[in-house]
Amino acid sequence: MNIVGRIFGFGASLQGSNTPELVKIPSGQLYLVRPGNIRSSRECIYNDAMATVRKAPSVEHNFQIVITRVFEEGEEDILEEEDENDDKVFLVGEELEFRTGEVDGEPTLVWRDLDGDVDETYEFVATGANVHTVELFVQCVYRAMYERKYKASSDSASPMDLQEFIWKKPGKKPTRTSKASPAKSVKRESEVDSSLTNAMSNLAVVTEPESVPVSVPAPAFSESETIPQLALPILILKKAELYLWDQNDGHFLKQDDIYAGIAKPPSSNFDFVITATTSQGQQLLAHELTSDLNARWSQKLASLTWNHTNDQGLISSWCFKFETLEDFKEFQELYGSCMYESLNHSSWQKAKADEQQYVMSSYDNDVEMRDVEDDEEEEDLVEDALEETSESEDSESEDEGDEAAVVAGTPGEKNSQLTVGHKNDRTFVVRGEKIGVFKHTDEGKVEYAATIKDLGFKKMKSFKPKHMMLHEQDAKMVLMNPAEKHTLFSMDIEYGKIVEEWKVDDNISVDHIAPKTKFAQTTGEQTIVGTSHNALFRIDPRLGGRGGNAMAESKQYTTKNAFSGVTTTGTGQLAVASEKGDIRLFDTVGKIAKTALPAMGDPILGIDVTVDGRWIVATCKSYLLVIDTLIGNGRYAGSLGFDRAFPADSKPQPKRLQLRGEHAAYMSHEVGFTPARFNVGEGQEENAIVTSTGRYVIAWDFAKVKKGRLDNYVIKKYEDEVVQDNFRFGDDKEIIVALSNDVLALNKKNLKKLPRASLSTPSRQLASNSNIVNSPY
């Protein structure tokens, strides 16, 4: 019988399987501890090992702790005839006196050496192991003890039944002379086991946990219902249906009626897991709450969809469909507060009311999802769009392939940056220490034109640019050398050489730059703007002519704001993003921000703004934030956040642009967006947003996004990784794409629109849930 299936979600994966292993800690060290040995009280047996709980061969209800040495390459051959090459196997039973401890902040597993003296123990130090994996290992051992003692399955064992197996330090110990190891500061096992005992006593559903981000009503159940016994303290528990995306069928297929929950591991302050548990207590999944879940909410269907990546890198897409809209909203509210705490490592209760409202409003964006009764046409469109490389792409590659190779330079180098020209129909691509120049044709293609090979200046060697920006009507290019953090370099495009060095400031580094205004690059404007980690400034290269610094004016903060990007409007107003996830809006350089938008918690990787300053798009790893800066009410209604501060009770409502979970599952990799950009052109209104992830280019219809239709995107797959993409200047249809080893022009009409997801109950009931079980972590 399996011992953890009903509690930790391993059961279904073990049924009908010959796999003996139940849980594994992949790395650690094994020590033999002899408290009375003066020569060596703590001997390292294996410096690199893994610990496993497995079934004892051919003996029901018996299990073993197995410590396996991990070898370096070639080491196993040298030691193949020595005893160290053998696994160390320990039959799990009460006589092991199994308990936990801690050494230098690392969790340890401790048990008696039955072949040694009464106080000699083995100690496995789980170096770098996930704390949740260690907890599961420990609980698995206690259930193994239960099964060995009572010769019965532990599936029905309650937390109180397991209390007897938690080792307690004897009241009296034999007096011995011992020396503590001076090299290690060891926390006593009894202290850690005391906290573990408390955690074990809370294995049942916790309706009022000590630390809950928001006030949550206790889950309500009828007297006839069986309340599931869960492995972790639960913050919320709601009835729902569990669905799993079936790639072959093209639908979310119902797996079971479950209780959807959010749990908080007792050993962590800011970690949470999303759980699905049957009424019998079988935990089907436990996924860590992170932004990589790509969570999406549909109020119309009262559903939550998300992605999960397992240890092998396989991505699955899951869905909760709640019984009532009230349950959906309560779950969503708690999810949002837990995500905030996890990302910011700060209590939700300490956030200001307007910040809480701003964060929660980003989850209010509804997504389109249809029921199975809706039409089922175009089911194959997802697979076609995500797996097919069109003939038009092939022809483009043939045209540019040989010429792009001229830019290859040093073997192993790949394209890393793209910038599109404004005045001369040129595109520039960084590849190692060279810059490839490509011209745009009337046929909507790009052709190789030249290579700029030498990026050195005076005594400075050639370098790989950290960032590049066209300047002064595309006649110059401003380059950032990662080794020269206080300096910018100006390159003459026609000459193909760096001709000027701009010393910005002796004490302030230059991390990001942008043109003074949205269209300054089309003029002779010489000043630009930049940021360091905590300063915003304007740079005028004319000030550094006699060895002086080129910084004209600045606003510096005393705190570490970790600024991560800057962009400007058509009139020179500025939006500055940070790695903390907040956004500041300035009307000019040198003054304090007019508006500070709260941090979601995810780092912002890039930021762009429309010419009129009305809309901002901020790029995070798994989603884009679109923010309307128009003040809707109050004294300054009709003004922008760049000009006036938003009223405290009227912050904007950010819109999240995300890929649907089933589309991300088709891509077979976690979503990682490149900085998103609006199409831009003088006299043109922005109507599209373009970004990429992996081998896919994605574009949203901005007009529909503004109307709340956030799922309206089109997509295109390439055979190589997309490094960066952007619209051709003044064109909302042509997208310039830099792949790792190629540069292409893509017409937006060649991107495909993908169908919406649907929920479906499979026509045949599954014999078991083995295909849906995800072991926690």
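These questions and answers look at a few terms used for parts of this structure.

Me: What kind of model is this, and how are residues numbered?
Reply: This is a predicted model, in which local features need pLDDT of at least 70, side-chain atom pairs count only at pLDDT 80 or more, and totals for chains, interfaces and linings use all residues. Residues are numbered from 1 along each chain as its sequence is written, and side-chain values use heavy atoms, with hydrogens and water left out.

Me: Why is H7 called roughly perpendicular to H8?
Reply: The axes of helix H7 (residues 325-344) and helix H8 (residues 353-361) come within 10 Å and cross at roughly 110°. Angles of 65 to 115 degrees count as roughly perpendicular, so H7 is roughly perpendicular to H8.

Me: Which residues of H7 and H8 meet?
Reply: Glu333, Gly336, Ser337 and Tyr340 in H7 meet Glu355, Val359 and Met360 in H8, where contact means heavy atoms within 4.5 Å.

Me: Why is Ile698 called buried?
Reply: Buried means under 20% relative accessible area, with a 1.4 Å probe and protein chains only, and Ile698 has a relative accessible area of 0%, so Ile698 is buried. Ile698 is found in strand S39 (residues 696-701), and, leaving aside neighbours within four places in sequence, its contacts include Leu659, Phe673 and Tyr713.

Me: What makes S41 and S43 edge strands?
Reply: Three strands form an open antiparallel sheet in the order S41-S42-S43, and strand S41 (722-727) and strand S43 (742-747) each pair on one side only. Two strands pair if DSSP finds at least two bridges between them, and five bridges join S41 to strand S42 (residues 734-739).

Conventions. Axes are lines fitted to C-alpha atoms, for helices over the stretch in contact, and angles run from 0 to 180 degrees between N-to-C directions. Helices (H or I, at least four residues) and strands (E, at least two) are DSSP runs, numbered from the N terminus. Angles under 35 degrees count as roughly parallel, over 145 as roughly antiparallel, 65 to 115 as roughly perpendicular and the rest as oblique. Buried means under 20% relative accessible area, exposed over 50%, partly exposed in between (1.4 Å probe, protein chains only).
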